[in-house]
Amino acid sequence: MIEVELPYPPSVNHYWRRVGTRTLISRGGRAFRESVCAILATCGVQPLTGPLAVDIRVHPPDRRRRDIDNVAKALLDALEHGGAYQDDSQIVRLVIEKGS
């Protein structure tokens, strides 16, 4: 089991940007991903193999209303990019809970 504390991810609504006909990760999305990669490297996380169960507890940074499902994409992509696992298709169970 790996447990890490990460910054609050950007909403999927702010994670992607359209540039002409291309869809790219936004500047904020790239910054989040780089931050997650640095944290995972500091913790010495090695890629997990096989089927995975992922439990996420998010703590919103302020009191605005937020859709809990909007945090999963950026977070799971950043974990994959940072080397926590080989591919997010390995995830067979995903639980997301909003904390206070």
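Does Tyr15 count as buried or exposed, and at what relative accessibility? At 1% relative accessibility, Tyr15 is buried, where buried means under 20% relative accessible area, exposed means over 50%, and partly exposed is what falls in between (1.4 Å probe, protein chains only). A word on the ground rules: this is a predicted model, with local features needing pLDDT of at least 70 and side-chain atom pairs counting only at pLDDT 80 or more, while totals for chains, interfaces and linings use all residues. Residues are numbered from 1 along each chain as its sequence is written, and side-chain values use heavy atoms, with hydrogens and water left out.

Trp16 is partly exposed, at a relative accessible area of 32%. Asp77 sits in helix α3 and counts as buried at 14% relative accessibility.

The largest nonpolar core has 20 residues, and Leu76, Leu79 and Tyr85 have the most contacts inside it. Elements giving two or more residues to this core are α2 (27-43), β3 and α3, with α3 giving the most, six residues. Such a core is a set of buried Ala, Val, Leu, Ile, Met, Phe, Trp, Tyr and Cys residues joined through side-chain atoms within 4.5 Å. Helices (H or I, at least four residues) and strands (E, at least two) are DSSP runs, numbered from the N terminus. Leaving aside neighbours within four places in sequence, Tyr85 is in contact with Pro47, Leu48, Leu52, Leu76, Leu79, Glu80, Gln90 and Ile91.

As for open space, the largest pocket holds about 860 Å³. On a 1 Å grid over the protein atoms alone, a pocket is an open set of points where a 1.4 Å probe fits, with protein on both sides within 12 Å along at least five of seven lines; lining residues have an atom within 4 Å of a point. Points are joined across faces, edges and corners, and the volume is the space filled by probe spheres set on them. The lining comprises 23 residues, with Ile2, Glu3, Val4, Asp55 and Ile56 nearest the pocket centre. β3 gives the most to this lining, seven residues, and the residues divide into 18 nonpolar, one polar and four charged.

Lastly, Ile68 lies in the loop between β3 and α3 and is partly exposed at 30% relative accessibility. Beyond its neighbours within four places in sequence, Ile68 is in contact with Val58, Ile96, Glu97 and Lys98.

Note on methods. Nonpolar A, V, L, I, M, F, W, Y, C, P; charged D, E, K, R; others polar. Contact = heavy atoms within 4.5 Å.
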